[in-house]
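Subject: Salt bridges in the attached model

Hello,

Here is the structure for your files. Please open it first, then read my notes on its salt bridges below.

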Amino acid sequence: MKTATLLLALLPAVLATPVSLFDNEQYVLGDNIQLPKSYPGFDLDLSAPRLVQLDGEGEPVVMTELEKILAKAGGARFFDVTETPNLGSRAHLRALIGRSYPEPNNTEVVRSVIETLQRQNLRVELEKFTSFYTRYYRSLVGKEAQQWLMKRISEITEQSAPKSLQSLISIQEFPHSWPQSSVIVRINGSSPTDDGVVILGAHLDSTGTSPFLRSPGADDDGSGSINILETYRALIAAGFQPDRTVEFHWYSGEEGGLLGSQAIAQDYEQRDVNVIAMAQFDMTAWVKRGTREQVGIVTDYTDPVLTEYNKKLVDLYLDIPWIETQCGQVCSDHASWGKAGYPGVFNIESDYKDVNRGYVHTENDRYDVSDEFSFTHMLEFSKLAVAFAIELGGWTGNLSGRD
């Protein structure tokens, strides 16, 4: 993939960026093509070297931040491993662990919580989340979006969780070298002997073909982010006190090469955190016209045992069927956990060939752009997240414990 070709693909987006965003110093790229050197409101050095593993395989290569942006705009997938060189160093040890998962058995409790999920909440929260000009991870506006999300989580916790449960919940930023932090919400498990951790994840950042263009990111990945937010609200409102620790992760920098999730997975790997299951929710709202409504369950580069368990949850608790699909190694943040040897699954809106391709990474990735964007469909993924948390978290559902 030649840089010159990618540059031509990116130039219309860069040239469409308001001049007021740039200062007077510029990079000259030949043939009188110039790009700004610095960008008010962005922590972005286009000449900074990055270590990139293309397609998640082979030896990393060095490219500049600009070349990385161009590669992304050209459709390339990659891990940016600049800050996570040791991720996966212990994966071979986890490969020796033969994990198994019990049959889902908390049916009554799961369904009682699912009944409290509200489609209107998805719409209200997504409307605000997509109102930011961009959620690009190296932008100050992207930082503001992350801060709004943290504030909203805190408000939901205070409004919905019983006082006894609030003491078991922590809400933390996971800082990075760029402005936007990842967000981790932890509900501590009650078991004194089981140190397992269950993770539900989504990525909070968005991007366009250029970092400087509007990118509301309704489907990618506002949908998954709000899915797990509504899941969190419903669970804590029911007094959810799992045996195992359950965490909700909103990752920064997925669009920059799975940066946030790699940093967190590396940290967990180095601390030997016992992650028993991770589920990623990325693009969950689109039903392509003329297709059957389904949950896409990704089968490549995911854990096969946990994937089969995930299918059982869909069969038992959702109103729509699943379909197996594939999307490649560096498809979303579950890949970071897989790289560390942790078991992960990935849930997406449909068969991969039918996902929202016309609007993602553009200013038109909005919830009101087409009736193919469905909050009813999106709600099915919150149902799945509820089931994943309760069944694997080990909660028997003492619903009378509210105060």
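A salt bridge here is a side-chain nitrogen of Lys or Arg within 4 Å of a carboxyl oxygen of Asp or Glu. This is a predicted model, where local features need pLDDT of at least 70, side-chain atom pairs count only at pLDDT 80 or more, and totals for chains, interfaces and linings use all residues. Residues are numbered from 1 along each chain as its sequence is written, and side-chain values use heavy atoms, with hydrogens and water left out.

The structure holds 25 salt bridges. One of them joins Arg 50 to Asp 80, with the closest N and O atoms 2.9 Å apart. This pair links distant parts of the chain: Arg 50 sits in strand β3 (residues 49–54) and Asp 80 in strand β5 (residues 78–80), 30 residues apart. Helices (H or I, at least four residues) and strands (E, at least two) are DSSP runs, numbered from the N terminus. Both Arg 50 and Asp 80 are buried. Buried means under 20% relative accessible area, exposed over 50%, partly exposed in between (1.4 Å probe, protein chains only). Arg 50 and Asp 80 also belong to a salt-bridge network with Glu 65, Lys 68 and Glu 83.

Now Arg 94. Its salt bridge with Glu 269 has closest N and O atoms 3.7 Å apart. That pair spans 175 residues, from helix α3 (residues 91–94) to Glu 269 in helix α9 (residues 259–270). Arg 94 also bridges to Asp 272, at 3.6 Å. Asp 272 lies in the loop between α9 and β10 (275–281), 178 residues from Arg 94. Arg 94 counts as buried because its relative accessibility is 11%. Asp 272 is at 54%, so it counts as exposed.

Best wishes
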